[in-house]
Amino acid sequence: MKFISLGKGFSRMLFWSVISAAFIGPGTVTTCSLAGASYGTSLLWALTFSILATIVLQETAARLTLASGKNLGEIMLLRHGSGGIWICRLLAFGVILGCAAYEAGNLLGAVAGLKLIAEPPSWILSIAIGIAAYFVLAIRNISILTRLLGLIVFILGFAFILVSIQAFQDPSRIVVNSLVPNFPENSALVITGLIGTTIVPYNLFLGSGIGQGQSVGEMRQGIILAVLIGGLISMSILLAGTLISGDFSFQNAARVLGQSLGPSGEILYAVGLFGAGFTSVVTAPFAAAITAKSLLSVSPIQTTYVWKSVLCFGVIFGLLQIKPIPVILAAQVANGLLLPFVTWQLFRCVNDTNILPEKFINSKVQNIFLILIFLVTLFLGGNSIFRALI
C-alpha cells in the first residue's frame with residue numbers, strides 16, 4: 001500500500017510539473033544565470049520568496065476551481081458580472097499578449113541552446129521547433145501532455161543540477177543568502193525579473209484549468225512537490241551562473257562552464273537551455289488557450305486559433321533572428337509588473353462567499369500570505385519602474 005501511495009504521489013507530481021515546465025524556460029535560464037554572474041549568490045532570497053509565493057498562488061487558484069467546479073477565468077467573470085466584464089477582457093488580452101511575448105523568448109532560447117552544439121541556420125531550427133511543438137500541442141489528452149512535459153523538466157533539471165555542483169563551495173553563505181533579503185546596487189530589475197520568471201500569471205489560469213477532478217489534498221501535494229523541484233532547478237541555474245565571468249551571453253556561459261567542468265559542462269548547459277525553451281514553447285500557447293477559453297468564453301475552434309497564433313508569433317521572432325537575451329529579460333520584467341494586479345484579483349475571489357462554500361474560503365493565515373505577496377510584488381514592480389525612469 002505504501003508503494004502504491006508513493007507511486008500516486010510521483011504521478012501527481014509529474015502531472016503538476018507542467019507548472020514547473022511553464023516557468024523554467026529561457027527566461028529562467030537567462031535571468032538566473034545573469035543574477036549569478038552579476039551578483040553571486042546574494043539574490044537567492046528572491047527565488048526563495050518566489051517559490052513560496054508560487055505555491056501559495058497556485059494552490060489558491062486550483063482550490064477555487066476544485067471548490068466551485070469553475071476555472072479561474074469563469075470565477076472572475078462570475079464575480080465581476082456584466083458591468084465589470086471589461087476588466088476580465090483586459091486581463092485576458094494582457095495575459096495572452098504576455099504568453100506571446102514569452103513565446104518569442106522561449107523559441108529564441110531553444111534555438112540558442114541548439115546553436116551551442118550545432119550549426120544549422122537559425123530559421124531551420126525555428127521551423128523545426130515550431131513543428132515539433134505543434135504536434136505536442138495537438139495532443140488532446142491533458143494528462144499525457146502534462147506528464148510528457150514533466151519528464152522533460154526532470155531531464156533538464158538534472159543537467160543544471162550537475163552543472164551547479166561546482167558552485168557549492170560555501171554552503172553557509174548560500175543558506176544565508178537564500179533567507180536574508182539583500183539589494184545590491186542596480187539589482188532592482190534583476191530581482192523583479194527573478195520573481196517574474198517564477199511567479200508567472202498565466203500559470204494561475206493554466207493550473208486552474210487542468211486541476212479539475214482532483215481532491216484538495218492531492219492537488220496540494222502535487223503542486224508543492226512540483227514547484228519545489230522547479231525552484232531547486234532555478235537555484236541550481238543561479239549557482240551555475242556564479243561560475244560565469246565577464247559579460248553574460250549564452251556562448252560565454254557555455255564556454256566558461258565547459259572550462260570548469262570539461263566538455264560535458266558545455267553540452268549540459270546547451271541541453272538545459274534547449275529543454276527549458278522547448279517545454280515553455282509548448283506551455284505558453286497552452287496557457288494562452290486556457291486563458292482565452294475561461295476569460296473570453298471562446299469556442300473550442302477559437303481556442304485552437306489562440307494557441308496556434310501564439311506559437312506562430314514565436315516562430316516569426318525566430319525567423320527574424322532577433323537577439324534573444326533582451327527579449328527574454330523584457331518579458332520577465334513585464335511579467336513581474338503584472339503580478340500585483342493578478343494577485344489582488346485572486347485575493348478578492350478566494351474571499352467571496354457568494355462564489356465559494358465557507359470551508360473553502362481563505363483562512364486568516366492564508367490571507368496574510370496573499371497580502372504579503374501582493375505588497376512585495378507591488379513594491380518591487382513600482383521600484384523597477386522608478387529605477388527605469390531616473
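**Overall architecture**

Of the 390 residues of the protein, 56% are buried, that is, under 20% relative accessible area with a 1.4 Å probe and protein chains only. This is a predicted model in which local features need pLDDT of at least 70 and side-chain atom pairs count only at pLDDT 80 or more, whereas totals for chains, interfaces and linings use all residues. Residues are numbered from 1 along each chain as its sequence is written, and side-chain values use heavy atoms, with hydrogens and water left out.

The protein contains 16 helices and 0 strands (DSSP runs of H or I with at least four residues, and of E with at least two, numbered from the N terminus). Among contacts (heavy atoms within 4.5 Å) with a separation of 6 or more, 86% join residues 24 or more positions apart. Carbon and sulfur atoms provide 68% of the accessible surface of about 16,400 Å², computed by the Shrake-Rupley method with a 1.4 Å probe.

Two packed helices are described by the angle between their axes and the distance between the axes. Helix H13 (residues 263–295) packs against helix H14 (residues 300–320) at about 145 degrees, with axes 8 Å apart; axes are lines fitted to C-alpha atoms over the stretch in contact, and angles run from 0 to 180 degrees between N-to-C directions. H13 contributes Val281, Ala284, Pro285, Ala288, Ala289, Ala292 and Lys293 to the contact, and H14 contributes Thr303, Val306, Trp307, Val310 and Leu311.

The mean pLDDT, the predictor's confidence in each residue from 0 to 100, is 78 for the protein, and 80% of its residues reach 70 or more. Where pLDDT is low, the predicted coordinates should not be read in detail.

Technical notes:
Buried < 20%, exposed > 50% of the residue type's maximum accessible area, 1.4 Å probe, protein only.
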